Amino acid sequence: METQIAFICLFLVMIGLSPAEEVKRNLTGVVGGNITLPDPLLELGFLLDKLNTVASVDEEKFKILEERYNKRLDWNKNSGLFTLTDLQKEDSGLYKIDAKKTKITFSYSLTVYDPAPTPAVETQTVSSDSCWLICSVDKQASLLWIKDQDILNQSRSALSLPVTVRKEDRGSSYRCVAANPAENKTLHVNVTTSCGFNDTESLDNFEKRTYWIAGGICSVFLALVVVGVWVIKQRYLSKKKPVRQTQGSIKEEEIQYTPIHFKDKKQNQEESIPESSGTSGHNNLTTIYAKLEHPSPDQNLLTANISAVTQELPE
């Protein structure tokens, strides 16, 4: 029994003497920028760097213990968060928040980088259907060419990076990104300007297409008008043709013949000329008479009355 009690007491002592729980995180910053440690310290505790105790918090009182952090280290008593401003490369290293009451230690590995370089884009080669662009920086960085949401080309450490832009892709969004682990800088590229794929060229092509379409429509319309006139003319002529035949020609059945009567000049010239038998039943027929004078050997004149042609006159 006594042995069990002693074992329990020893276990409790070991728990009380065990080291505090530790949480580790990696942080990055940029020279001249700021970094906020993500875990709060609201009660008694300390902030430490790799060598020294940087600051202390006790009963909501904050005190900086290292001179080089003066005016650069801040503690928010409401949130309990530490913020280090105006970062320098010398600030890289290990930091800890030691919370005495909760016995939890938060560890941070901070790396301070130079700012990412600003990218610049130049046009290298231009053809009728494509162009070649170069994205460059003044110091080594990760470079990426992005079209819309797709990565076209990339390099983890480079001073320049090319990309080919097709004319048909001139409406897409192109951008060059220069990045390091702490930040990235993006340059949006207007490829219609950089590659000469401008709106004027597109407008010219559109106008040319419009002219061709308008010309084609006019040609078709003109052809339809010509065909329509020809059809109308043919129909008109076909209707007029029978009328011309009726008025301008005489059919065989419309011709009636009458005998020629020769008379001596001494005979009574007042004698009435006999009417053609063919006209007796036709009220609309007109008899055409012709007079022939033929000299005879005895100088007598013979007279002949000819009922030549009868023709039905139009009403």
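This text covers the disulfides and then the cavities of a predicted model. Local features need pLDDT of at least 70, side-chain atom pairs count only at pLDDT 80 or more, and totals for chains, interfaces and linings use all residues. Residues are numbered from 1 along each chain as its sequence is written, and side-chain values use heavy atoms, without hydrogens or water.

Start with the cysteines. A disulfide here is a pair of cysteine sulfur atoms within 2.5 Å. The count is two disulfides. In one, the sulfur atoms of Cys131 and Cys195 are 1.7 Å apart. Cys131 lies in strand 11 (residues 130–147) and Cys195 in the loop between helix 2 (191–194) and helix 3 (199–248), so the bond ties together parts 64 residues apart in sequence. Helices (H or I, at least four residues) and strands (E, at least two) are DSSP runs, numbered from the N terminus.

The other disulfide joins Cys135 and Cys176, with sulfur atoms 1.7 Å apart. Cys135 lies in strand 11 and Cys176 in strand 13 (residues 174–179), so this pair links parts 41 residues apart in sequence. The S-S torsion of Cys135 and Cys176 is about -70°, so the disulfide is left-handed. In sequence order of the bonded cysteines, the pairing is 1-4, 2-3.

Now the cavities. On a 1 Å grid over the protein atoms alone, a cavity is a set of points where a 1.4 Å probe fits but cannot get out; lining residues have an atom within 4 Å of a point. The structure holds two cavities of 30 Å³ or more. Strand 7 (residues 82–84) gives the largest share of the largest cavity's lining, three residues.

Terms used:
1 Å grid on protein atoms, 1.4 Å probe; cavity = no way out; pocket = protein on both sides within 12 Å on 5 of 7 lines; lining within 4 Å. Points joined across faces, edges and corners; volume = space filled by probe spheres on them.
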